[in-house]
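Please look at the sequence and the model before reading on.

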Amino acid sequence: SAGAALSSAPDRAEAAERAAARFEESFGYEPDGVWSAPGRVNIIGEHVDYQDGLCLPMAISHRCFAAAARTPTDRLRVRSAQNETVLDIDARELAPGVVTGWPAYVAGVLWALRSRISGAATRGMDIMIDGQVPLGAGLSSSAALECAVAEAIEALLTLGTEPLDRVRAAITAETEFAGASTGGLDQSAAVLAREGHALLLDCRDMTTRPVPWDLASQGLALLITNTRAEHSHVDGEYTARRADSERAAQALGLSTLREADPAGLETLLAGIEDEVVRRRAHHVITEIQRVREVDALLAAGTVREHVTELGALLNASHDSLRVDYQVTVPQLDVAVEAARAAGAHGARMTGGGFGGSTIALVEAQAAQDVAAAIAAAFAEQGFDAPEFFLALPSEGAGQDR
Ligand code: GAF
């Protein structure tokens, strides 16, 4: 059916070419190079990164490209193929609050790396952004943008950063410069993800381990549904959930909920008086445990061998986010319900919630039918038509040309 077309990302090499051409059209000369970073879906481990939890994201095929060149000045000039807002600023004047709108995610990275730039060096550069990651879809278009730019800056200014330094610079850009709170999941995935793998991320020490997640060879697929639901009040709600989780840790006398022992959960939670705070803690502690269980299943065999148990864990994650953490909206719940009813092994919201996308673990041959079922359910509810992608586990940030 027409409303359920499964799209995949445009070819990476062609997209890099196009970004370079757009740079040249706009700035009138050839860029020094093109760098890119992917969007992500989180397979499981949601709303736990800011409590030192465990997450299991993977990079998707959609990427953000940054064609860039160093200039012998201190001007930072930033343009985009998707947005008319431009930036042209003396890079020495960058400070939180000085740049607004999307260019803050670019300028913020240069600002976050400032202590690594020698005092004598000029910081001038021209950057053309060409993004494929759908905006506002909960697929981390902003982390892809920050991390593509971090790669470009490292290459242009030869700062000697390691990948993890660039993850941290991107997080700093987002939280301190652009003023959006984030726990680090998205930037870690954008920089450190490996093709054919999911990335087990331990937010306590930011260590990562690639976990085989090659669905295609096993006849399986991960269907992404962008629900296109309005992200209203998303920042305020996100901040409120973080605050609730901090209250929960405090009530338990722990510095983070990661330290809670899931074994004696009910007894432990009885120590939290506030009912809402107790439910928030229940989500975070059980979600971290679900990531451990997924990791153990994937260590013991393939996705195919454990597809039923894995699907059940995805379902449990969504239900916990809906009931205990209360970050879903009707579109997310309907997409998940429709996917399950159409035979998905498991389905859940992915990302921060309050709109955005869902993922469904499906038989590859059934992906089209599951998408059609979700589209039909949306039409019946009078929701805007959703958008579908197949997610192949892709490579993190790097240079394209
Ligand atoms: C958003 C945040 F940016 C991440 O850090 C993470 O907290 C996620 O929501 C929820 O898991 O994407």
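Residues 105–192 are 55% helix and 8% strand, with end C-alpha atoms 19 Å apart. Helices (H or I, at least four residues) and strands (E, at least two) are DSSP runs, numbered from the N terminus. The model is predicted: local features need pLDDT of at least 70, side-chain atom pairs count only at pLDDT 80 or more, and totals for chains, interfaces and linings use all residues. Residues are numbered from 1 along each chain as its sequence is written. An unreviewed UniProt entry lists residues 105–192 as "domain: GHMP kinase N-terminal"; such annotations may be inferred rather than shown by experiment.

Helix H2 (residues 103–112) has ten of its ten residues buried, so the rest of the structure largely encloses it. Buried means that 20 or more other C-beta atoms, placed from the backbone, lie within 10 Å of the residue's own. The cover over the buried residues of H2 includes the elements below.

| Element | Residues |
|---|---|
| strand E4 | 75–80 |
| strand E5 | 87–90 |
| strand E6 | 125–131 |
| helix H3 | 141–157 |
| helix H4 | 163–177 |

Val 109 is one of the buried residues of H2. Leaving aside neighbours within four places in sequence, its contacts (C-beta atoms, placed from the backbone, within 7 Å) include Glu 146, Ile 153 and Ala 173.

Methods: Two residues are in contact if their C-beta atoms, placed from the backbone, lie within 7 Å. A residue is buried if 20 or more other C-beta atoms lie within 10 Å of its own, exposed if 12 or fewer, and partly exposed in between; C-beta atoms are placed from the backbone.
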